[in-house]
Amino acid sequence: MAQPLPNQNPTPSRRNKSSSRRTGRVSKKLKTQRVDYATLASSLQLEEESREFIYSLIAALMKLGLLSIGIASLLNLGFASHQRIRRNMELTSLVRSETLKYKKLHLRFDSLFTIGGRNRFIEEQGQWIMPNSIRVIWR
């Protein structure tokens, strides 16, 4: 029948001893593999933590950029608002002075159409006539 191979021992007691030797070698090998797996896992964890740190740094920089853009926009808006308010104040003062002039001229114009307005107008015009000049009044 089949004959055993020369590397294999036919006795079971020797198999137990050799298998115990093999398990001893395997257990040492498994321990080194476990350490290698632990080292690999820790290195992967460190890489992941560094990647997360980089991502959080990028996110912080983006937030800082958006914040600076927002602050710059608010400053520009404030400056433009200040200019508009200043121009509005200038226009308001100009309109106020022109309104006072208009009211004075309106009262003067209305006074021309009252009783004796013509005589007052002629008297006012007399101040504008140069001395030693001829004045012609049409009636």
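**Close-up views of a predicted, helical chain**

**View 1. Overall fold and exposure of the chain.** The secondary structure of this predicted model comes to two helices and zero strands, where helices (H or I, at least four residues) and strands (E, at least two) are DSSP runs numbered from the N terminus. Of the 139 residues in the chain, 1% count as buried, that is, under 20% relative accessible area, with exposed meaning over 50% and partly exposed in between (1.4 Å probe, protein chains only). The chain exposes about 13,700 Å², of which carbon and sulfur atoms supply 63%; accessible areas come from the Shrake-Rupley method with a 1.4 Å probe, and for residues only the protein chains shown count as cover.

**View 2. The salt bridge between E98 and K101.** One salt bridge is counted under the rule that a side-chain nitrogen of Lys or Arg lies within 4 Å of a carboxyl oxygen of Asp or Glu. The closest N and O atoms of E98 and K101 are 3.7 Å apart, and both residues belong to helix α1 (residues 12-112), where they are three residues apart, about one turn of the helix. E98 is partly exposed, at a relative accessible area of 41%.

View 3. I58, which lies in helix α1, is partly exposed, with a relative accessible area of 42%.

**View 4. The aromatic pair of F109 and F113.** A search of the whole structure finds one aromatic pair. The ring centres of F109 and F113 are 5.0 Å apart and their planes stand at 70°, so the pair is edge-to-face; rings of Phe, Tyr and Trp (its six-membered ring) pair if their centres lie within 6.5 Å, with planes under 30 degrees apart counted as stacked, over 60 as edge-to-face and the rest as tilted. F109 is partly exposed at 48% relative accessible area, whereas F113 counts as exposed at 63%.

**Conventions.** Residues are numbered from 1 along each chain as its sequence is written, and side-chain values use heavy atoms, with hydrogens and water left out. In this predicted model local features need pLDDT of at least 70 and side-chain atom pairs count only at pLDDT 80 or more, while totals for chains, interfaces and linings use all residues.
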